[in-house]
Amino acid sequence: RLLPCSMLPASCAPASLLMAPSFSSVGLAWATDDHSLKEAFQCFGEVVEARVITDRETGRSRGFGFVSFASGEDAKSAAENMDGKELAGRNVRVNFANERPS
């Protein structure tokens with residue numbers, strides 16, 4: 001089970017304010033929303049944005065989302081610690097996201 005942030009080690013504290021790449025979290029429960037996704041990852045550092053991708057027509061979650069941190073070290077720590085862990089009853093996969101070409 002996923003531990004609440006209060007039970008995680010102090011090494012999960014925020015660090016510097018360097019922009020870091022975001023990562024995707026795949027396999028999210030349908031009930032996971034932006035707020036609960038942010039809560040699940042904020043114990044690893046300052047979350048700049050947490051967004052669950054939804055279907056345009058139904059508004060339902062598509063089962064994946066993106067999380068961006070202020071620090072690259074925090075993003076790396078979160079990805080390493082959350083990959084394969086349970087979140088809202090589902091095991092999530094965490095992968096660093098690739099920038100889309102403009």
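Predicted model: local features only at pLDDT ≥ 70, side-chain atom pairs only at ≥ 80, totals over all residues.
Colleague: Why is V92 called buried?

Modeller: Buried is the word for a relative accessible area under 20%, and V92 has 1% relative accessibility, so V92 counts as buried.

Colleague: Which residues does V92 touch, once those up to four places away in sequence are not counted?

Modeller: V92 touches S25, V26, G27, L28, M82, D83, G84, K85 and L87. One of these, G27, is 65 residues from V92 in sequence, and yet the two C-alpha atoms are 4.9 Å apart in space.

Colleague: What makes S61 buried or exposed?

Modeller: The cut-off for buried is again under 20%, and because S61 has a relative accessibility of 11%, S61 counts as buried. S61 is found in strand β3, residues 61-69, and, leaving aside neighbours within four places in sequence, S61 is in contact with A29, W30, T32, V52, I53 and T54.

Colleague: How do you know that the side chain of S61 has a polar contact with the backbone nitrogen of G63?

Modeller: Such a contact needs a pair of N or O atoms within 3.5 Å, one able to donate a hydrogen and the other to accept it, and the backbone nitrogen of G63 lies 2.9 Å from a polar atom of the S61 side chain.

Colleague: How many aromatic pairs are there, by the rule for rings?

Modeller: The count comes to four aromatic pairs. In one of them, F23 and F96, the ring centres are 5.9 Å apart and the planes stand at 80°.

Colleague: Why is the pair of F23 and F96 called edge-to-face?

Modeller: Rings pair if their centres lie within 6.5 Å, and planes over 60 degrees apart count as edge-to-face; with centres 5.9 Å apart and planes at 80°, F23 and F96 are therefore an edge-to-face pair. Because F23 lies in strand β1, residues 23-26, and F96 in strand β6, this pair ties together parts that are 73 residues apart in sequence. F23 is buried, at 0% relative accessibility, whereas F96 is partly exposed, at 40%.

Colleague: What makes β1 a partner of both β3 and β6?

Modeller: Two strands pair if there are at least two bridges between them. Four bridges join β1 to β3, and these strands run antiparallel; S24 has F66 as its bridge partner in β3. β1 and β6 also pair in the antiparallel sense, over four bridges, and here S25 stands opposite V94.

Colleague: Which elements does the chain have, and in what order?

Modeller: The chain has two helices and six strands, and from the N terminus on they run β-α-β-β-α-β-β-β.

Definitions and conventions: Residues numbered from 1 in each chain as written. Heavy atoms only, no water. Buried < 20%, exposed > 50% of the residue type's maximum accessible area, 1.4 Å probe, protein only. Contact = heavy atoms within 4.5 Å. Phe/Tyr/Trp six-rings, centres within 6.5 Å; stacked < 30°, edge-to-face > 60°.
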